[in-house]
Amino acid sequence: MDQPLIQIKNATKNFADVRVLDGVNLSIYRGQITSIIGQSGTGKSVLLKHIIGLLQPDSGQVLFDGRSLGAMKKDERKALKRKFSYVFQDTALFDFLNVAENVALPLVENANHNEAKVKEQVQAKLNQLDLYEIEHKYPAQLSGGMKKRVALARALVTDPEIVLFDEPTTGLDPIRKTAVHSMISDYQQRFGFTGIIVSHEIPDVFFISQRVAMLDEGQIRFEGTPEELQQTTDPVVRNFIRGLESPHDELTGVASQSLGQKRLARELFRLQHHSRPFSIVLLTVENLEDVDRIAGHVAGQKALRNFASFVKQNVYITDTCFRYDMNKIMVVLPDTDAGQARQFCDKLSRNLDTDAILSGAETRKRLCFAVAAGIAQAQKDSQIETLLTDVGKQQNIFWECQI
Amino acid sequence: MQLRTALKNPTVALGHYTITFIQDMGRIALFFLKGFLLIFSIPLQINKVLQQIYFIGMKSIFVICLTGGFTGMVLGLQGYYLLVKYGSTGVLGSAVALSLIREMGPVLTAIMVIARGGSAMAAEIGIMRISEQIDALETMDIDPIRFLVSPRIAAALISFPLLTALFDVVGILGGYLTGSVLLGLNPGLYFTRVETSVAMVDVTGGFVKSLVFAVIVVSICCYQGFYTHTRAEFGAKGVSQSTTSAVVLSCVLVLIADYALTTFLL
């Protein structure tokens with residue numbers, strides 16, 4: 001792996017008699033989203049503040065491209081600081097400035113700005129976050145969710161290279177929560193920033209993260225990919241994840257990923273020991289990003305929710321559908337072979353009501369909603385991993401709808 | 001330091017509090033110096049300075065006129081009854097004008113501005129500190145002292161002398177109201193005495209005082225708000241403590257500085 005962009009080495013921090021960080025070692029890689037998870041009060045926000053330099057470690061180091069802040073010249077430090085952006089847990093919006101002035105502040109104060117251009121940038125950013133006609137309102141006049149989005153707009157308006165999110169979705173409803181996640185992921189893919197997210201949204205945050213770190217008792221207990229996290233045998237990590245995971249996906253109402261995986265394991269066991277066949281169908285919304293861009297992230301998430309609800313209505317009670325990824329829904333069909341699974345897909349494509357699915361996307365532009373389906377029948381010697389890889393390979397776009 | 005420890009070792013406690021006080025004064029002085037120098041950093045924050053002049057200066061005009069007027073009236077009244085015993089009511093104009101311009105104008109203006117603007121500065125900056133708005137400025141690479149403190153320093157340095165002048169003028173008119181209109185002293189005599197007894201050095205002395213008070217008030221009030229998070233109490237209680245100590249400390253220091261300045265100026 002490349003050299004980490006940010007490296008925290010053996011950092012400790014005490015507040016009065018309480019040791020909050022107790023030798024933290026963590027690497028953040030360029031262009032990736034790293035999630036920091038952990039119990040409340042374990043010092044996740046404190047760790048984030050060490051990265052941006054609001055707090056200094058009592059001992060240990062925070063290195064950027066292998067160099068500590070102390071070793072840099074003043075200009076270099078300033079240039080580095082400008083690459084960062086920070087989304088505060090409690091938004092930290094300036095209560096004496098209105099929304100437009102809040103979002104414009106980092107541009108107005110730091111660069112040789114052009115007023116018209118700043119106004120344009122601010123408007124564009126607010127629109128991307130579905131914030132309309134609130135430019136002249138003050139933070140005290142906004143709902144909690146809106147404040148969160150204004151804070152996000154302010155953090156992203158400078159097109160930063162490294163963005164630190166301190167619980168960006170706490171207090172948002174499921175649609176806006178996933179809309180913010182999809183927006184972070186979308187922006188990250190478009191602009192390639194390095195993201196660090198402190199979050200409790202498990203498993204949603206894993207869908208958008210390339211790496212996960214768990215902070216426990218002042219130390220990093222786990223560091224790795226989301227897949228490695230799911231397979232870890234560390235009882236503390238497993239208990240923490242299980243404790244937070246709901247059996248149902250909050251946005252779509254279908255089963256959660258972990259419940260789906262368990263169901264897959266059970267069906268495989270039944271096949272191996274009782275010769276009961278089963279198939280899986282992976283439905284992927286191929287162009288969710290386009291829907292997001294054209295109609296907004298909230299509309300995109302609404303479309304995904306409507307689609308999931310449509311799939312749920314079309315499965316039998318013995319079938320299980322669960323959220324497999326940001327834009328993927330998997331259906332486990334017991335006592336079904338590949339042919340019957342194909343018939344199930346045909347039924348879905350016949351019953352699909354385009355208007356109902358895109359009802360949340362209020363836009364005059366032409367929208368397309370493309371779904372790809374992959375079908376795989378399990379064999380006695382199948383492994384879950386190979387089955388999932390197979391189903392991913394056999395994807396063909398099988399319906400497309402336009403409004 | 002806990003009260004029990006302080007009672008057991010009063011000498012240690014005295015030393016501890018003296019050192020802490022001197023250290024605090026040093027920090028406040030450096031804080032002011034940084035804020036003052038950043039007033040001149042490019043681009044100049046003219047809009048913010050004007051906003052603060054409006055808040056510290058313009059919005060204080062009513063209260064300054066009110067206190068100035070009544071102070072002058074009471075000086076006229078007291079002065080008249082004192083001077084009448086010696087048969088020298090003719091010097092009432094000098095007595096009122098000199099005590100106002102040299103002493104009461106700068107001091108009372110400072111105290112009124114502390115009550116109106118100083119407490120607001122401490123509370124406003126304190127709330128920004130506890131709601132992480134100052135941290136947010138730092139993450140955006142905006143110097144919080146330049147952004148929040150410098151415009152207030154500039155505005156105080158401009159507003160204090162002007163408010164003091166207004167206080168003096170309204171006070172002299174107040175003295176005229178009681179001395180001449182109510183008690184029948186010759187108005188010509190009153191104003192002639194004012195004109196002949198007040199020298200330029202008195203006016204300059206009054207302005208020097210008001211400038212020094214502006215520095216004291218603005219640096220203490222902003223400092224207390226800015227470092228609210230370092231207090232033993234957190235949140236709203238911390239802000240209330242900061243505001244209280246900003247008001248008390250700046251009032252006390254204004255009076256101490258007034259004595260010291262008077263010694264030099266007389």
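This is a predicted model: local features need pLDDT of at least 70, side-chain atom pairs count only at pLDDT 80 or more; totals for chains, interfaces and linings use all residues.
View 1. Let's start with chain A, whose secondary structure comes to 15 helices and 15 strands. Its radius of gyration is 23 Å, close to the 22 Å that the globule rule gives for 403 residues, so chain A is as compact as a globular protein of that length. Along the principal axes, the C-alpha atoms of chain A fill a box of roughly 70 × 50 × 35 Å.

**View 2. Inside chain A.** Of the 403 residues in chain A, 55% are buried. Among the contacts in chain A with a separation of 6 or more, 71% join residues 24 or more positions apart.

**View 3. Where chain B meets chain A.** Here 20 residues of chain A and 16 residues of chain B take part in the contact. Together the two chains bury about 1600 Å², with 57% of that area on carbon and sulfur atoms. On the chain B side, B:Thr139, B:Met140 and B:Asp141 lose the most area to chain A, together 38% of what that side buries.

View 4. Chain B and chain A share five salt bridges. One of them joins the side chains of B:Asp141 and A:Arg82, at 3.0 Å from N to O.

**View 5. The chain B side, element by element.** The elements of chain B that give two or more residues to the side touching chain A are α5 (92–130), α6 (133–139) and α7 (144–182). With six residues, α6(B) gives the most. By class, this side of chain B has seven nonpolar, three polar and six charged residues.

Methods
Residues are numbered from 1 along each chain as its sequence is written. Chains are lettered from A and ligands numbered from 1 in the order in which they are written. Side-chain values use heavy atoms; hydrogens and water are left out. Contact means heavy atoms within 4.5 Å. Buried area is the accessible area (1.4 Å probe) that two parts lose on being put together, summed over both. A salt bridge is a side-chain nitrogen of Lys or Arg within 4 Å of a carboxyl oxygen of Asp or Glu. Helices (H or I, at least four residues) and strands (E, at least two) are DSSP runs, numbered from the N terminus. Ala, Val, Leu, Ile, Met, Phe, Trp, Tyr, Cys and Pro count as nonpolar, Asp, Glu, Lys and Arg as charged, and the others, Gly among them, as polar. The radius of gyration is taken over C-alpha atoms; the globule rule is 2.2 Å times the number of residues to the power 0.38. Buried means under 20% relative accessible area, exposed over 50%, partly exposed in between (1.4 Å probe, protein chains only).
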